[in-house]
Amino acid sequence: MSSMRRVPSLATVQENVHQDDHIDEEVGAVQNPSVLKHASSIVMQRVPSLTRVQSISKIPSMSSISFALSPKSRKKKNYNHRTSGDPQAGTNEEKTGSGPMKRLTPWINYEVFQWTWFIVLTTLAVVDRFAWNVWPRQTYSIGAGSAGGDRTVGYKPGPWSVVLYDALARISGRYSIICYNMLLITKLECLEQLLTSPFVRKYLLDTSNIVNANMRLHNWNGIGLCVMTILHVWSILFPCVTHGYTAVVVPGVFEWPLSERTPAKCSKLFNGASVDDVFRMVEMTIFLCVLLPISVRWFASRWHAAIQLHRLINVVYFVDIVRRHSHPHSWILNTPVFVLYIIDKCIFGYYFRRNKSPEIRRVKLGKDFMILFWKSPFGFTDTIGPDYSLLLNNSSFLEEKHAFTCFENRSGRRLINSEEDSDCDDWTVGVVIRVFRRPRVPRLSKKDATSHTQRMYEEEPDMLITGPRQGEMSEKVRLELLSFKDAPLILFGAGSAVNFIIDTLQWCSANRPVRQRVSLIYTTRDYDLFQWAMQVVSGLVPICEDRGIFFDIRMAFTGSLEEEPDEEKDPLNITTRSNREEEDSLNVTTRSTRSIASSVKSVKTQLMLKVITPGSTVFCQGSAGLKGAVHGACKKVDAQFYGGRGGAREDLV
C-alpha cells in the first residue's frame, strides 16, 4: 500500500460551529440576539501533546497486529464475532492458509430479512383467506357455537360496496394479525440480544444497524396497523354510505371470553350491527386516531408519560382482539408473542446483565452535567458506545429505565485527576449525563415531580444498571474504523454525546483501526464540560498516536463565559483565569462572537462547505438541531449519514 500522510491531531475550534438546540447544546447561539449581546468571547483550545508530526509508510498488515481482548474474549484466543482468525481483524475477512483473504459476511441484512418474512407471511395469509381457506374460523367452537363462519366461495352478495366491505374485512383482518406481531417483535430486548450475539451477526444476519432498523420497522408497521384496523371496524358502513343501506344496532348475547354473539336474525350485510361493533368503532377511533398521535407527539417532550400511554394503547389493542369469540386466529398467533413481550419487559429487561446497586462515583460538572463511574461485572464490549440502562432504586413503579450511551475504560486511565477522586481508579464504565430541570407534566406519581436525571444529580446514586447493549451506532462506527476506505470518516458529537467520542478513542487505544482518515468534531456550550472533555481527549489521543492511529480533532466551546455561576459577569476576568489554569498545557485564543456570527449564515452551510465532503461517512450524536443540520449537509454532498441517540429523545430523562 502506498504511503499515507499523517493527519495532525489538533483540537482547533471550528470557527463557525454555533448550533440551535432548545434542550441540549448547539444550533442558534449566533442567531439569538440575546445570546450575542451577552456572550463576549469564545475559548479555542488545542489538544496538548500532539506536536509530533510524522508519516507512516503504510498501514500495518493485519497479520502483524495483535489486539487486546475483553476479559471474556481472552478465554478464546481465536474468537471474534466477525472473523474466526485474528481477533478484532478489521477487514471482515478470514485468512485461509497462506492464500488470499476470504471475505466473511453475514447471510442477509437484518432489516431486509424482517421485511422479507413479513411480506411473504402477510401475502400468504391474505391469499389463503381468498383462495385456499385452509384454516377457517368455523373449525373452532366456543361457548354457544362456532367462532365464526368464513365464506369459502365468492363474496357476500350485493353491490360493489358490499364486495368492497367483504374484501377489506378479509385483507385487514389477516394483515393486522401479522403486523401486530411484527410490532411486538421489534421491541423485544431478548431477541435483539440474541441477534447481536457473535455467531448470528457473523454468519447469519448483519445486525450492525439493528436499533435504527427496529425503529423504522416499528414506525412503518405501526402506521399500517392503525390504517388497516380503522378500515376493518368502519368498513361495515360502506354500503350505508354508497347504496343507502340503513344501519340498525341489534343487541346480542354475551359470549365467552368477553364478546357479543350477534343474533341469527341480524344480518350485518344489509342493516345489522351489534353493540360490540359500535363499541369497537368508538374505541379504536379514540385510541388509534386520538391517543396514539398524542403519545407519539409526547415522545419529543414528555417521554415519561408518552411511553406509558403508548403501552396502555398496546394492551388495550391486544385485549380487544383476543376478547372476541370470532378471533381464534388472534388467540393462537398473537397471544404467545404478547406473552413473550410481557416477559421481556418485566423480567428480561430488568434481570439480564443486572448490576444491582454497584458502587457509583458521581462527579458534578457545574449544575447542568454530571459524570457517573462504576465497575461492570460483565467486562468490556467489543463495540463502540454501548448502551447501559439506569434506574434509581427508589423510583416509582411507572418510572422506566433510561438508556445512555456510555464509554468503557479500555485504556485503564483515570479521567479525573484529583486526590478526592482516587476511588475512581478501578472503574470500567462511565457516562456523561445532561441534567434536565424542567418540571414533569403530567406527573405520574409523587416521586415524579422532577426529571430522573435531576434526581440522579441530587440524590444518592443508588441505582439498578442493566447492560451493556448494542447502541444505535455502535457496530456501524466500529466496522467503519475497521474498513479500508479512502473516504473520510467523520464523527460529530455535541454536549453529552462526548460519551461516544471518548469511547471511540478508548476503543482505538486498545485496538488498531485501519481507516486512513478519521475526524472527531465536538462542541458544547457548557464551559465545565468543555474543560473536562479537553482534558480527557488530551490524555487519550497520545495513546492512540503511540499505536500509529491519528485523528483530526476539532473541539469548540460555543457558549457564553458570562454564564459561569460562581464568577462576577466579567468575561475578561474569566478568560484570564482560564488562561492561567491552562497555559502549561493548552493554547487559548480569544475571538469575538460578532465576527464569527457575521462570517457564516448557518450551521448547515458551514458544515457542508468546511467539514463534510462528498463520499464521507458521517456519524452524529447530539441535539436534534445538530443532527438535522448535519443530515442536510450530507444530503447535499452525497455523504452517508448515521444519527444516534439525542435531541428530543434525551428529554426522556
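Reply: In this predicted model, leucine 390 has isoleucine 465 of β22 as its bridge partner.

Me: What makes β18 and β22 paired strands?

Reply: Two strands pair if there are at least two bridges between them. Strand β18 (residues 387–392) is joined to β22 by 5 bridges, so the two count as paired. They run antiparallel.

Me: Which strands make up the sheet, and in what order?

Reply: The order is β15-β22-β18-β19, an open sheet of 4 strands with antiparallel pairing. β15 (354–356) and β19 (402–405) each have a single partner strand, so they stand at the edges, with one side of each lacking a neighbour in the sheet. From one strand to the next the twist averages 25°.

Me: How do you know that helix α10 packs on the sheet, and what angle does its direction make with that of β22?

Reply: Helix α10 (residues 328–351) touches β15, β18 and β22, where contact means heavy atoms within 4.5 Å. The direction of α10 makes about 85° with that of β22.

Me: Why is glutamate 472 called buried?

Reply: Buried means under 20% relative accessible area, and glutamate 472 has 10% relative accessibility, so it counts as buried. Glutamate 472 lies in the loop between β22 (463–469) and α12. Serine 208 is 264 residues away from glutamate 472 in sequence, and the C-alpha to C-alpha distance is 8.6 Å.

Me: Why is helix α9 described as largely enclosed?

Reply: Of the 20 residues of α9, 14 are buried, so the rest of the structure largely encloses this helix. Helix α9 (residues 303–322) reaches 29 Å from its first C-alpha to its last, close to the 28 Å expected at 1.5 Å a residue.

Me: Why is the pair of tryptophan 135 and tyrosine 140 called tilted?

Reply: A pair of aromatic rings is described by the distance of the centres and the angle of the planes. For tryptophan 135 and tyrosine 140 the centres are 6.4 Å apart, and the cut-off for pairing is 6.5 Å. Planes under 30 degrees apart count as stacked and over 60 as edge-to-face, so the 55° between these planes makes the pair tilted. Tryptophan 135, at 28% relative accessibility, counts as partly exposed, and tyrosine 140 is partly exposed at 24%.

Me: Is phenylalanine 199 exposed or buried, and what is tyrosine 203?

Reply: The cut-off for exposed is over 50%, so phenylalanine 199, with a relative accessible area of 52%, is exposed. Tyrosine 203 has 35% and is partly exposed.

Me: How many aromatic pairs are there in the whole structure?

Reply: The search finds 17 aromatic pairs. One aromatic cluster is formed by Trp115, Trp117, Phe118 and Tyr175.

Me: Which residues have the most contacts inside the largest nonpolar core?

Reply: Trp532 and Phe551 do, in a core of 44 residues. Elements that each supply at least two residues of this core include α12 (474–481), β23 (489–494) and α14 (527–546). The most comes from α14, with 11 residues. A second, separate core has 28 residues, among them Phe118, Leu184, Leu292 and Val316.

Notes:
Residues numbered from 1 in each chain as written. Predicted model: local features only at pLDDT ≥ 70, side-chain atom pairs only at ≥ 80, totals over all residues. Heavy atoms only, no water. Core = buried A, V, L, I, M, F, W, Y, C linked by side-chain atoms within 4.5 Å. Buried < 20%, exposed > 50% of the residue type's maximum accessible area, 1.4 Å probe, protein only. Axes fitted to C-alpha atoms, helices over the stretch in contact; angles between N-to-C directions. Expected span 1.5 Å × (residues − 1). Phe/Tyr/Trp six-rings, centres within 6.5 Å; stacked < 30°, edge-to-face > 60°.
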